[in-house]
Amino acid sequence: MAGLVGYLDAGGAGLADLFVADGVGVITERAAALRLPPAGTTSSGTGTRLIRASDGWIAASLPRADDVELIPAWLEIEAPSFDPWSAVSTAVALRPAHGIVDRARLLGLACSVVGEAALRTDPVFVTSHGDAPPKSLADVTVVNLGSLWAGPLCADVLRRLGGRVIKVESMSRPDGARLRPAFFDALHVGQESVALDFGSPSDLDRLRQLLTSADVVIEGSRPRALAQLGIDVTDLVGHGPQVWISITAHGRAEPFANWIGFGDDAAAAGGLVTEFPSLIADAVADPITGLTAAATVLQLLGQGGRWLVDVALSRIAASMNDHDRRVVPSITDPDPPSVRRQRGSALPLGRDTTSVFRELLQI
């Protein structure tokens, strides 16, 4: 982790000036901004739990009301009348971990076996899609389709390294982090905001044109989500952006491509927990993935070429793990949680839509 921060700061990111512990305190930013409690078997955000199964531990995330409603179908029990986690813990304790997780994934729930990704030791898969000259970030336009933490943190670091960053959101489903302005604002200062109707053919056409004109694209969707919008990532990388960062919970390849995951359960999948076990920090797979993605962009732009980059939260977590002890002392509680020392102001949704398309696409 410290090596990542050092590499990015050598390029001018200035993370050590923003965060405690020489920049490693970036992993506690969200907890500090939202005043979240320390993580344990329950995540700081309370949506994820580590639960003992009959033969090991699982990490289950139920952050949405729709997830809770799926508990009866998942565990074949009656709908919990009061405390859903108590009912889940009781049912899970009687069953093997992998069977529980497999069934959860079929239903679209974020669930993993603790440590299951520990042997997936390649955190980043990079595929070449042609030649292109090296570029400096000072001459680069970054389009960020990502939300919440990992993608936006990557974009924020690239902006600090000199890139122009354009945040793209759906009008009907904007970035959920907007509900937490203290956190959202800090990650999006100095960027431009574009809002589009992803149900509109004309807006989807504008989106494809914007992606083609970008030098770097960051997105955090499962592959099928973009395909359903008519966006062919492989085709675009061949003639459009030089670096396409695809951030997923477990990877773009099957069977992982359709697995749901969040920062806490993905970290647990990578074995990035204490030996008790207990979750480390707050959704720790998100910030370390965001920093890894930013470092990868910096490296690939410097060497030139066209690249599709598969960055998986669980693989990044596994790469940070001490496999012998399932603990990473160097990033556990580097200092009391602290927000960045410099803050920014909010990005009104869609503020720059007209100006961006007028300038970049002449439409």
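Modeller: What follows describes the sheet, its pairing and the helices on it, and then turns briefly to one helix elsewhere. This is a predicted model, in which local features need pLDDT of at least 70 and side-chain atom pairs count only at pLDDT 80 or more, while totals for chains, interfaces and linings use all residues. Residues are numbered from 1 along each chain as its sequence is written, and side-chain values use heavy atoms, with hydrogens and water left out.

The sheet is open and has three strands in the order β1-β2-β3, with antiparallel pairing; helices (H or I, at least four residues) and strands (E, at least two) are DSSP runs numbered from the N terminus, and two strands pair if DSSP finds at least two bridges between them. At the edges stand β1 (48-53) and β3 (110-113), and each has a single partner strand, so one side of each is left without a neighbour in the sheet. On average, neighbouring strands of this sheet are turned by 20° against each other, direction ignored; axes here are lines fitted to C-alpha atoms, for helices over the stretch in contact, and angles run from 0 to 180 degrees between N-to-C directions.

Between β1 and β2 (residues 56-61) there are six bridges in the antiparallel sense, and the two strands are joined by a hairpin through two residues. Arginine 49 has alanine 60 in β2 as its bridge partner, and arginine 52 has tryptophan 57, also in β2.

Helix α6 (residues 84-92) packs on the sheet, where it touches β1 and β2 (contact means heavy atoms within 4.5 Å), and its direction makes about 30° with that of β1. Helix α7 (residues 97-106) also packs on the sheet, touching β1, β2 and β3, and the direction of α7 makes about 155° with that of β3.

Just after α14, glycine 304 takes a positive phi of about 85°.
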